Amino acid sequence: TEHCFRNFSAPTGVIESPGFPDKYPHNLECSFIIISPPQTEVTLSFQTFDLENDPLLMGEGECKYDWLDVWDGLPQVGPLIGRYCGTKIPPKIQSSTGLLSLSFHTDMAVAKDGFSARYNMTRKEVSDTFHCSSAFGLESGKISDDQISASTSFYDGRWQPRQARLNNEDNAWTPAEDSNKEYIQVDLQFLKVLTGIATQGAVSKETQKSYYVTTFKLELSTNGEDWMIYRHGKNH
């Protein structure tokens, strides 16, 4: 229905489950997308929330019957901020990515009163001299080993992806082959503004030789499946 798929671009508005304040219909797959201008922060606050609860719910986000997903981006592309069900009102949600999406799923059985949420857009003033200067955490360890993966690693097990950190004294990452098809991947978990990348070679403890790359290609993704090549200037 027209109330099940809507885009919102006004500075403020209300998003409600179909039929609200009456009970929502069965078998819904709805999407609501808030589209905001650049340099704008969106705040989403829920006034009421009542979806079918899972009596065997073990933890937050493990909804089984009816649920509401909130995405910091397009639905199913994400990243996923949270999945909500039951009667506990979700926390206030803020996003500065330009897209905030809600996906509403209901099954064929129990129907509840649904939800009502208000959003507001607030312009964020950014000075002309703004620049990011805080490292994401590859060197400090704030980015965990589990967030770093690679296409392959050198066969002896002493050049793993987790060693791909600046000023690491224990070797570095090296692929199994010297090929332009090899890659290293870092999961930042949330959308972030990236303004620079620093690379560093390594001196092998075994051979005392230096190893490093001379050129590389940068690709970005919000879901780990669809990738976009970053290009800058004539030489990319």
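Me: Is Arg 83 buried, exposed or partly exposed?
Reply: In this predicted model, Arg 83 is partly exposed, and its relative accessible area is 25%.

Me: Okay, and what does the side chain of Arg 83 meet in a salt bridge?
Reply: That would be Asp 69, with N to O at 2.7 Å.

Me: How many salt bridges does the structure hold?
Reply: There are five in the structure. One of them is the Asp 69 and Arg 83 pair. Another joins Arg 165 to Asp 145, where the closest N and O atoms are 2.8 Å apart.

Me: Where are Arg 165 and Asp 145 in the chain?
Reply: Both are in loops. Arg 165 lies in the loop between strand S10 (148-150) and strand S11 (184-186). Asp 145 is in the loop between strand S9 (114-123) and S10. They are 20 residues apart, so again the pair links distant parts of the chain.

Me: Which of those counts as buried, and which as partly exposed?
Reply: Arg 165 is buried, at 15% relative accessible area. Asp 145 is partly exposed, at 41%.

Me: What about Lys 217, what does its side chain meet?
Reply: Lys 217 forms a salt bridge with Glu 219, at 3.5 Å from N to O. Lys 217 is exposed, with 60% relative accessible area, whereas Glu 219 is partly exposed at 34%.

Me: Switching topic. What domains does the chain have?
Reply: The domain assignment gives domain 1 (5-123) and domain 2 (127-235). Taken over C-alpha atoms, their centres are 35 Å apart.

Me: How many residues from each domain does the contact take?
Reply: Five residues come from domain 1 and five residues from domain 2.

Me: How much area is buried between domain 1 and domain 2?
Reply: About 410 Å², with carbon and sulfur atoms giving 63% of that area.

Me: Why talk about area at all?
Reply: Because the accessible area lost when parts come together is often used to give the size of an interface.

Me: Which residues in domain 1 lose the most area to domain 2?
Reply: Val 77, Pro 79 and Thr 97. Together they make up 75% of what the domain 1 side buries.

Me: How many salt bridges and polar contacts go between the domains?
Reply: The salt bridge count between domain 1 and domain 2 is zero. By class, the side of domain 1 that touches domain 2 has two nonpolar, two polar and one charged residues.

Me: Last one: where is Cys 30?
Reply: Cys 30 is in strand S3 (residues 29-35). It is buried, with a relative accessible area of 2%.

Me: What does Cys 30 touch?
Reply: Leaving out residues up to four places away in sequence, Cys 30 touches Cys 4, Phe 5, Pro 18, Leu 102, Ser 103 and Phe 104. Phe 104 is 74 residues from Cys 30 along the chain, but their C-alpha atoms are separated by 4.9 Å.

Conventions: Residues are numbered from 1 along each chain as its sequence is written. This is a predicted model: local features need pLDDT of at least 70, side-chain atom pairs count only at pLDDT 80 or more; totals for chains, interfaces and linings use all residues. Side-chain values use heavy atoms; hydrogens and water are left out. Domain bounds come from an automatic or database domain assignment. Contact means heavy atoms within 4.5 Å. Buried area is the accessible area (1.4 Å probe) that two parts lose on being put together, summed over both. A salt bridge is a side-chain nitrogen of Lys or Arg within 4 Å of a carboxyl oxygen of Asp or Glu. Ala, Val, Leu, Ile, Met, Phe, Trp, Tyr, Cys and Pro count as nonpolar, Asp, Glu, Lys and Arg as charged, and the others, Gly among them, as polar. Buried means under 20% relative accessible area, exposed over 50%, partly exposed in between (1.4 Å probe, protein chains only). Helices (H or I, at least four residues) and strands (E, at least two) are DSSP runs, numbered from the N terminus.
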